[in-house]
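This briefing is meant to be read alongside the sequence and the coordinates.

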Amino acid sequence: MEKWFNVGKIVNTHGIRGEVRVISRTDFADERYQVGNSLFLFQGTNNAPIELKITSHRKHKNFDLLTFEGYNNVNQVEPFKEGVLKVPESYLSELDEGEFYYHEIIGCKVSTTTGEEIGTIREILTPGANDVWVIQAKKGKDILIPYIEDVVKEIDVKEKSIIIEPMEGLL
């Protein structure tokens, strides 16, 4: 059975020429949204995805705006709202050493260099210069950890464990 990975969610249409607004959940947006690439749309309870070939991509505010081959007006893409765009595992490329896909990091247990268990990574934010990992703490509020060398010391995606050295005031 094919394994699928989230790329983004279509949240609305944009204009009248078939453009859709996507909240991106992909690690490599520029690579995923290249003209000519295919994405697969999953909607509601319908398990059969619709293959969509990208004909244009641009950024607008916090959204990725996409158009698809054969869908040239707003009426054709209106039903796509709330649909999730995915790619099959076969579309994932090999990464360089020290690079990871989001799905490899989410779910990892985080501990400090002294052995204190912090919690589990439940989300990755991409606000700017570096990613921020949202850790669901064992107790209390979520903890935000910047993905920088000074903090993240060791990543083992096979064992789903990460070791950090928290900066002062981080925890």
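In what follows, Ala, Val, Leu, Ile, Met, Phe, Trp, Tyr, Cys and Pro count as nonpolar, Asp, Glu, Lys and Arg count as charged, and the others, Gly among them, count as polar. By these classes, the lining of the second largest pocket has eight nonpolar, four polar and three charged residues. The model is predicted, and its protein contains three helices and twelve strands.

**Overall architecture**

- The C-alpha trace of the protein spans about 55 × 35 × 30 Å along its principal axes, and of the 171 residues in the protein, 33% are buried.
- An unreviewed UniProt entry lists the feature "domain: RimM N-terminal" at residues 7–90; in the model this span is 10% helix and 55% strand, with its end C-alpha atoms 14 Å apart.
- The feature "domain: PRC-barrel", likewise taken from an unreviewed UniProt entry, is placed at residues 97–171; this span is 5% helix and 43% strand, and its end C-alpha atoms lie 28 Å apart.

**Strand 9 and its two partners**

- Strand 9 covers residues 132–137 and is mostly covered, since five of its six residues are buried, where buried means under 20% relative accessible area.
- On one side of the pairing, strand 8 (residues 117–125) runs antiparallel to strand 9 and is joined to strand 9 by six bridges, with Ile121 standing opposite Ile135 of strand 9.
- Strand 8 and strand 9 form a hairpin, and six residues lie between these two strands.
- Strand 9 also runs antiparallel to strand 10 (residues 143–146), to which four bridges join it; Val132 has Pro146 of strand 10 as its bridge partner.
- The hairpin formed by strand 9 and strand 10 has five residues between the strands, and Gly140 in its turn has a positive phi of about 90 degrees.

**The largest pocket**

- The largest pocket has a volume of about 610 Å³, and of the 24 residues that line it, Ser24, Arg25, Thr26, Tyr102 and Ile124 are the closest to its centre.
- Several elements each supply at least two residues of this lining, namely strand 1 (4–14), strand 2 (19–24), helix 1 (29–32), helix 3 (102–105) and strand 8.
- Strand 1 gives the most to the lining of the largest pocket, contributing four residues.
- By class, the lining of the largest pocket divides into twelve nonpolar, six polar and six charged residues.

**The second largest pocket and Tyr147**

- The second largest pocket holds about 260 Å³ of space, and among its 15 lining residues Asp27, Phe100, Tyr102, Asp131 and Tyr147 lie nearest its centre.
- Tyr147 is found in the loop between strand 10 and strand 11, and it counts as partly exposed because its relative accessible area is 30%.
- The C-alpha atoms of Tyr147 and Asp96 are separated by 17 Å, while the two residues are 51 residues apart along the chain.

- Glu19 is found in strand 2, and it counts as buried because its relative accessibility is 11%.
- The side chain of Glu19 makes a polar contact with the side chain of Arg58, at 2.9 Å.

**Two lysines with positive phi**

- Most residues other than glycine have a negative phi, and the next two residues are worth a look against that background.
- Lys61 has a positive phi near 55 degrees and is found in the loop between strand 4 (46–60) and strand 5 (63–68); Lys61 counts as exposed because its relative accessibility is 70%.
- Lys160 also has a positive phi near 55 degrees and is found in the loop between strand 11 (152–156) and strand 12 (161–164); Lys160 counts as partly exposed because its relative accessibility is 28%.

Note on methods: Residues numbered from 1 in each chain as written. Predicted model: local features only at pLDDT ≥ 70, side-chain atom pairs only at ≥ 80, totals over all residues. Heavy atoms only, no water. Buried < 20%, exposed > 50% of the residue type's maximum accessible area, 1.4 Å probe, protein only. Pairing = 2+ DSSP bridges. 1 Å grid on protein atoms, 1.4 Å probe; cavity = no way out; pocket = protein on both sides within 12 Å on 5 of 7 lines; lining within 4 Å. Points joined across faces, edges and corners; volume = space filled by probe spheres on them. UniProt positions renumbered as here; feature names shortened; annotations may be inferred. Polar contact = N/O pair within 3.5 Å; in protein donor to acceptor, adjacent residues only side chain to side chain.
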